[in-house]
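Thanks for coming. I will take a few minutes on one model, and the sequence and structure go up first.

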Amino acid sequence: MTKGLIPEVWERSPSRIYTEEIDKYCMEKIYKPTIEAMEKEGRKFKGVLYFGLIITKDGPKVLEYNARFGDPETQVVLPRLNTDIIDIFDAIIDERLDEIEISWNDNACVCVIMASGGYPKEYKTGYEISGIEDAERDANIVVFHAGTKREDGKYYTAGGRVLGVTAMESNLDQAIKKAYEGVGKIKFQDMHYRKDIGIK
Amino acid sequence: MKVLVVGSGGREHTLVWKIVQSPKVEKVYCAPGNGGISAIAECVPVKAMDIDGIVNFSKEKEIDMVVVAPDDPLAAGMVDALEEAGIRAFGPRKAAATIESSKAFAKNLMKKYNIPTASYEVFENSTDAISYLQNQQYPLVVKADGLALGKGVIIAQNFDEAKQAVESIMEDKVFGEAGSKVVIEEFLVGQEVSMLAFTDGKTIKTMVSSQDHKRALDNDQGLNTGGMGTFSK
């Protein structure tokens with residue numbers, strides 16, 4: 001990756017955007033009221049609820065809800081989950097989520113999407129992908145597939161978003177660097193990815 | 001136990017990757033899955049929207065838990081169908097998934113229960129929507145009511161762009177039935193943050209926050225996509 005791409009000092013780090021104070025506010029004014037509202041409406045929500053938030057000068061507001069795990073957010077959230085996900089799903093189905101502890105690791109996680117050239121407009125598929133195994137040789141990298149197919153042990157592109165190269169490290173700078181090291185090992189024709197993931 | 005994950009994208013690969021790490025799980029299927037998923041689970045050729053196909057496969061293989069990941073089958077009632085067939089399913093029922101599948105429903109819910117959100121109006125025909133647009137401040141946001149693959153949100157810089165958005169959604173039906181209503185809302189300025197949460201309907205436990213990059217090109221240039229990258233710290 002290009003040197004000098006990553007700023008020395010973060011102008012605003014994500015952990016400072018979503019502060020404890022904002023989290024507390026959201027829990028009281030947004031998260032809990034939403035599930036209470038759904039229950040009152042006779043639409044009890046069991047599962048994963050996604051809150052698309054915007055932190056305005058008047059405080060956090062909801063842009064949208066999703067009724068599921070987000071994509072690609074899931075790719076950077078679940079690697080940080082320590083708890084057995086089956087225990088969580090079971091507790092939700094049986095409505096005893098209050099009884100279990102859910103623990104997260106404190107690492108930073110970055111996912112860079114490698115897409116077919118032309119996406120989100122027209123693009124071609126069927127190109128062979130090389131280097132996935134090489135990238136995954138690093139224990140801190142996992143390559144999640146979005147639009148691929150496997151034939152005779154080889155991978156081929158099969159969608160607009162093809163791969164999500166995900167790295168986990170103790171801090172964001174390192175995770176960005178590691179994710180792009182992984183990206184650098186993977187090749188397919190007309191591939192396209194952003195070079196500024198992790199920088200806001 | 002035997003688990004079936006419904007879906008075929010990067011999210012589903014991540015879910016399958018996490019689920020196979022559970023010592024309680026002996027077998028994971030994914031319908032329909034993708035190349036990467038096929039390396040760690042058994043992919044089955046049943047489409048994510050094929051409710052009967054998923055119910056039948058789950059019965060046949062005696063699946064202990066079905067995880068329904070994408071928005072479309074949730075909105076179509078796949079979890080309801082699985083539960084009626086006596087199969088344990090993870091995901092909201094159709095009535096609850098409406099919080100995503102109708103933006104008008106979500107906005108009305110937030111208004112009724114004082115949950116902070118952008119001010120808005122809902123319109124059921126394009127004439128009323130366009131007449132409302134004439135006296136508004138720009139930019140503003142035009143949203144198709146229903147599911148539109150993440151593409152149903154248009155930020156309009158002026159009246160002409162807003163009018164064009166309403167016409168393509170409501171008259172040309174570029175998103176099909178998702179465009180039978182539109183939500184027109186205030187444009188908010190600030191940093192966007194995503195928060196995922198687990199909930200059983202009574203208790204809610206948040207995950208870790210994340211931020212994503214929606215535009216196709218560096219420095220947030222180019223078209224909106226499903227997401228070109230994301231990070232969590």
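First, the ground rules. This is a predicted model, so local features need pLDDT of at least 70 and side-chain atom pairs count only at pLDDT 80 or more, while totals for chains, interfaces and linings use all residues. Residues are numbered from 1 along each chain as its sequence is written, and chains are lettered from A and ligands numbered from 1 in the order in which they are written.

Chain B, then. Its C-alpha trace spans about 60 × 40 × 35 Å along the principal axes. Its secondary structure comes to 9 helices and 13 strands; these are DSSP runs numbered from the N terminus, helices being H or I with at least four residues and strands E with at least two. Of the 233 residues in chain B, 49% are buried. Buried means that 20 or more other C-beta atoms lie within 10 Å of the residue's own; exposed is 12 or fewer, partly exposed is in between, and the C-beta atoms are placed from the backbone.

Chain B is divided into domain 1 (2–99), domain 2 (102–186) and domain 3 (197–231), with bounds from an automatic or database domain assignment. The C-alpha centres of domain 2 and domain 3 of chain B lie 21 Å apart. For chain A, the assignment gives domain 1 (1–68) and domain 2 (70–200), and those C-alpha centres also lie 21 Å apart.

Now the sheet. In chain B there is an open sheet of 4 strands in the order β6-β9-β7-β8, with antiparallel pairing. Two strands pair if DSSP finds at least two bridges between them. The edge strands are β6 (120–123) and β8 (153–156) of chain B, each pairing on one side only. Strand β7 (residues 140–144) of chain B is joined to β8(B) over 4 bridges, and Val142(B) stands opposite Ile154(B) there.

Which strands does α9(B) lie across? They are β7, β8 and β9 (182–186) of chain B, and the helix runs at about 5° to β7(B). Axes here are lines fitted to C-alpha atoms, for helices over the stretch in contact, and angles run from 0 to 180 degrees between N-to-C directions.

Helix α8 (residues 126–133) packs against α9 (residues 159–171) in chain B at about 170°, with the axes 10 Å apart. The two are therefore roughly antiparallel, the word used for angles over 145 degrees. From α8(B), Ser126(B), Ala129(B), Ile130(B) and Leu133(B) take part, and the α9(B) side includes Phe159(B), Val166(B) and Met170(B). Contact means C-beta atoms, placed from the backbone, within 7 Å.

Last, the two chains together. The contact takes 92 residues from chain A and 82 residues from chain B. Strand β3 (residues 108–116) of chain A runs antiparallel to strand β13 (residues 221–232) of chain B, joined by 4 bridges. Val110(A) has Phe231(B) as its bridge partner.

Ile55(A) is in strand β1 (residues 47–56) of chain A. Buried or partly exposed? Ile55(A) counts as partly exposed, because it has 19 C-beta neighbours inside 10 Å. Leaving out residues up to four places away in sequence, Ile55(A) touches Ile17(A), Ile22(A) and Pro60(A), as well as Gly190(B), Gln191(B) and Val193(B).

Notes. Angles under 35 degrees count as roughly parallel, over 145 as roughly antiparallel, 65 to 115 as roughly perpendicular and the rest as oblique. Two residues are in contact if their C-beta atoms, placed from the backbone, lie within 7 Å.
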